[in-house]
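Please open the structure in the viewer and keep the selection tool at hand.

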Amino acid sequence: MDKKKEIIKYLADLGITVKTSTKARGHQGFFLKNRIDISKNIKEDRIIPTLLHEFAHYVHYQLEPDMTISGGTLSAIFGEDNSTIKKELLKVTNFVDENSLCVRLYEHKDRIKSKILEYEDIIKKDYPKFMRSKPFKEFDKYINKSDARFLLKYDRVRLIRGFFKKSSKLLTINSVEKDFPDMPAGFAAYLKLHSAQKKQSRTSARINKLQKYYNKPTELFARFIEGLYLDREWVSAIAPYTTKLFYERLKSGQYPKLEPIVYKYI
């Protein structure tokens, strides 16, 4: 029997139902009480790490039943909560899952920031007193009489006109100069700046949401277990205090049903 089947059998013997042919609610894996789903779409080399990740949630659930809602606490998992454990677990998380670094999102945010500054320079050529933090009165006066006002809310909008709604016109933020050739360059730039600011806010919200997710104690613990499987020596090197504490608690029986998994498969 291969390692994957052995682990699944061990989990089944604990009363855990393991499903490997679902979409796992859009994730690589998913845990809920006594059930673990592993996505049928993940690569073969990701199955065991994902199994161990989800089993870590199961172990945590035994220690802290409300962890699925609250995200759990480091105190319940490690017996203490301090900055050293948090920093080390984040290092492990970054090693295990590079998406936790949000590199692409930060790069996207930087590109948006550059565009905002570019649009601001265009506006200031004609309106040197322009400030993003204050109302742009000249623009507000102009935009109320133009169909371009719809682009303040949407980057793409179709205007339908006529009694029988037979005529329509598509307006987009990227073609504003073409759609409104008489619009002053500063106003077109402001529309694009406003659009970029909305994108910046959405990107920041996405980063904050991901960081909140990755910083949950239950996720930090699950990726720690996953990391031990992927490269125990490296995890021990980047998280020495947490690793030592973990094995001390493991030996003392603090983690229900986890000891056989760790010593046989990690």
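How do the residues of the lining of the largest pocket divide into nonpolar, polar and charged? They comprise 11 nonpolar, 12 polar and 11 charged residues; Ala, Val, Leu, Ile, Met, Phe, Trp, Tyr, Cys and Pro count as nonpolar, Asp, Glu, Lys and Arg as charged, and the others, Gly among them, as polar.

The model is a predicted one, in which local features need pLDDT of at least 70, side-chain atom pairs count only at pLDDT 80 or more, and totals for chains, interfaces and linings use all residues. Residues are numbered from 1 along each chain as its sequence is written, and side-chain values use heavy atoms, with hydrogens and water left out.

Select His 27, Tyr 213, Tyr 214, Glu 219 and Arg 223, which are the closest to the centre of the largest pocket among its 34 lining residues. Next, colour helix α9 (185-214), which gives the most to this lining, with five residues. Other elements that give two or more residues include β2 (29-32) and α10 (217-238).

**Within α9.** Select Gln 197, which lies in helix α9. Gln 197 counts as partly exposed because its relative accessibility is 24% (buried means under 20% relative accessible area, exposed over 50%, partly exposed in between, with a 1.4 Å probe and protein chains only).

**Helix α5.** Finally, select Phe 95 in helix α5 (residues 83-96). With 32% relative accessibility, Phe 95 is also classed as partly exposed.

Notes:
1 Å grid on protein atoms, 1.4 Å probe; cavity = no way out; pocket = protein on both sides within 12 Å on 5 of 7 lines; lining within 4 Å. Helix = DSSP H or I, 4+ residues; strand = E, 2+ residues; numbered from the N terminus.
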